[in-house]
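Dear colleague,

Please find the structure below, handed over for your work. My notes on what was found in it follow directly after.

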Amino acid sequence: MSKILIIEDEVAIADLEKDYLELSGFEVEISTRGDEGLVRALGEDFNLVILDLMLPGIDGFDICREIRQEKNIPVIMVSAKKDDIDKIRGLGLGADDYMTKPFSPSELVARVKAHLERYNRLVGSGLPKNDVIEIRGIKIDKTARRVWVNGEEKTFTTKEYDLLLFLAENPNRVFKKAELFREIWDMESVGDIATVTVHIKKIREKIEFDSAKPQYIETIWGVGYRFKV
Ligand code: CA
């Protein structure tokens with residue numbers, strides 16, 4: 001049976017979530033403080049964490065970050081404020097999902113089930129693990145050629161994907177546009193290095209919280225680009 005930890009200081013909400021999850025066959029524990037919740041999330045064997053943002057002790061931002069350093073279990077973050085959800089996404093804490101309160105408990109249950117199924121498939125499949133690169137909020141599954149940004153899958157064209165992967169696999173190195181062009185587009189192809197600029201722009205629109213202030217792909221003026229880690 002899957003064990004779920006709810007870290008939530010509003011007892012009525014925590015109880016409601018617990019009731020619904022228990023009806024669906026989950027074992028559920030509640031922590032009403034951030035600090036206590038973090039200790040339990042790290043020290044005990046939970047399969048999934050439902051994490052409120054504003055909590056006494058330690059807030060949800062820090063808890064999510066700490067959990068991610070040690071565990072891959074799904075984390076669903078909840079907040080009363082839509083603005084906070086945008087902020088969490090922007091920070092790239094590695095949460096798997098986000099919900100804005102108030103939400104319907106059945107929606108929560110549906111998401112919990114979906115995340116656990118996916119997680120269990122990954123962990124328990126016995127198949128060789130996919131080759132995955134994770135850099136802050138970005139996850140690139142090289143085997144499946146799929147990319148997620150803060151838990152949300154994004155679609156890339158072949159060349160956008162190739163360029164993103166090349167930069168992510170060579171982090172903190174500055175590449176000239178001409179070098180990137182040679183690397184990603186074949187040598188014979190007649191092209192313009194402006195193609196690189198266009199592709200970088202498209203990639204940024206998909207991975208950056210704010211394309212004007214990129215957190216991942218930096219422009220090194222007069223030289224080229226660098227994937228910052
Ligand atoms: Ca709260």
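Strands S11 (217–220) and S12 (224–227) pair in the antiparallel sense over four bridges; strands (E, at least two residues) and helices (H or I, at least four) are DSSP runs numbered from the N terminus, and two strands pair if DSSP finds at least two bridges between them. Glu 218 has Arg 226 in S12 as its bridge partner. Three residues lie between the strands of this hairpin, where Gly 222 takes a positive phi near 80 degrees. S12 also runs antiparallel to strand S10 (residues 174–176), joined by three bridges, with Phe 175 opposite Tyr 225.

This is a predicted model: local features need pLDDT of at least 70, side-chain atom pairs count only at pLDDT 80 or more, and totals for chains, interfaces and linings use all residues. Residues are numbered from 1 along each chain as its sequence is written, and side-chain values use heavy atoms, with hydrogens and water left out.

In helix H8, Val 196, His 199, Ile 200, Ile 203, Arg 204 and Ile 207 are buried (under 20% relative accessible area, with exposed over 50% and partly exposed in between; 1.4 Å probe, protein chains only). Seen down the axis of H8, these buried residues fall within an arc of 140 degrees, taken from the directions from the axis to the C-beta atoms, so they line one face of the helix. They pack against elements including S11 and S12 (contact means heavy atoms within 4.5 Å).

Yours sincerely
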